[in-house]
Amino acid sequence: MASIVIPTGSVNCGGSVAANCAACPNGHGALWCNGDCVWISGFLDAGKCELKGLMGMPSAGTNPNADFYWYAASFWVSAVVLVAYACIYKKKVVDKIPELAGAHIASNELSLFVCFTKLHTCLQVAFCMPVVMAKNYNAAQVMEFWPSCIFSFLLTYTPLWPVGVIVRAVLAKKVQDEIGHETTLVKTCCKNLFCMPCDVGRESEEIDDEVGAEIKCCCKVTVTPRLINEVDDVKSRMCDDRFGKNRMAAAALEPRSSLRSPLAPWPPRAIPSRLAVLCPAVMRRTMLTQCGPRARLTPA
């Protein structure tokens, strides 16, 4: 078959030539709209032939709905890629790390920007934030992995983003409650409104510390036995960590009357204060042993 010669100022309709894409169908509809053109189906009309842009999408200069088509295409491509990655991540990471125990010694609270010091966490949050959220919620037993992964994706990358901030704040508050860190819904909402990836990364690091997991790209996980991890949490609570709040060390200096009674009911997050009531002197000596003579007590 001889190749079609396209005159200057004309378009290739796929088997014919026309002055523009609108003239390509010539009454034949979508069958004659090919080549340099693409057929756009209408809601209230039969549709029309438009000039192609990049990747076969309508050109923004000829179609006022081009931005929507670009968004829809990128959304579905992202969704497919995310689901594929989530399947691998769940099998290799989520299913291998333990869930947060009901009674545990909470580790230190981390800085909002701690993920910038953790390359692997930073990369995971930057490219697969809904998957990281789902891992956090699942480990803290706040929500199952797949529902949280789907909802996080829909509420983060759609016009429902403002609603997503509120939902994320509520779930993040529950995660912090399970870990044993004190926070407020307003504070959590502000963090996610202005820097959601930072808060997700910080939360991921705290969850990993609690369950004794170290997650690296891509989908490589190492889990520390719970007993060893709990001992490490005690030590981190007593020592002044670089990116955390040392509440256990501060509890040793609090007046006995201001601490919770050892006979009263207490949640897991009250363990540091309970230990401080029972043996503050032992805690002081342990701090000097574990953290060194230059260890300092950081207020909560």
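Visitor: Is the crossing of α4 and α5 left-handed or right-handed?
Guide: That crossing is left-handed. Keep in mind that we're looking at a predicted model.

Visitor: Okay! At what angle do those two helices pack?
Guide: Helix α4, residues 161–179, and helix α5, residues 185–211, pack at about 40°, and their axes are 9 Å apart.

Visitor: Which residues of α4 are buried?
Guide: Among them are Gly 164, Val 165, Arg 168, Leu 171 and Ile 179. The cover over the buried residues of α4 includes α2 (119–139), α3 (145–156) and α5.

Visitor: What span should α4 have, going by its residues?
Guide: With 19 residues at 1.5 Å a residue, α4 should span 27 Å. The C-alpha atoms at its ends are 26 Å apart, which agrees.

Visitor: Nice. What comes just after α4?
Guide: Gly 180 does, and this glycine takes a positive phi of about 110°.

Visitor: Switching topic: how many helices and strands does the protein have?
Guide: It has 9 helices and 8 strands.

Visitor: And what share of the protein is buried?
Guide: Of its 300 residues, 39% are buried.

Methods
Residues are numbered from 1 along each chain as its sequence is written. This is a predicted model: local features need pLDDT of at least 70, side-chain atom pairs count only at pLDDT 80 or more; totals for chains, interfaces and linings use all residues. Side-chain values use heavy atoms; hydrogens and water are left out. Axes are lines fitted to C-alpha atoms, for helices over the stretch in contact, and angles run from 0 to 180 degrees between N-to-C directions. Helices (H or I, at least four residues) and strands (E, at least two) are DSSP runs, numbered from the N terminus. A crossing is left-handed if the near helix is turned anticlockwise from the far one by less than a right angle, and right-handed if clockwise. The expected span of a helix is 1.5 Å times one less than its number of residues. Buried means under 20% relative accessible area, exposed over 50%, partly exposed in between (1.4 Å probe, protein chains only). Contact means heavy atoms within 4.5 Å.
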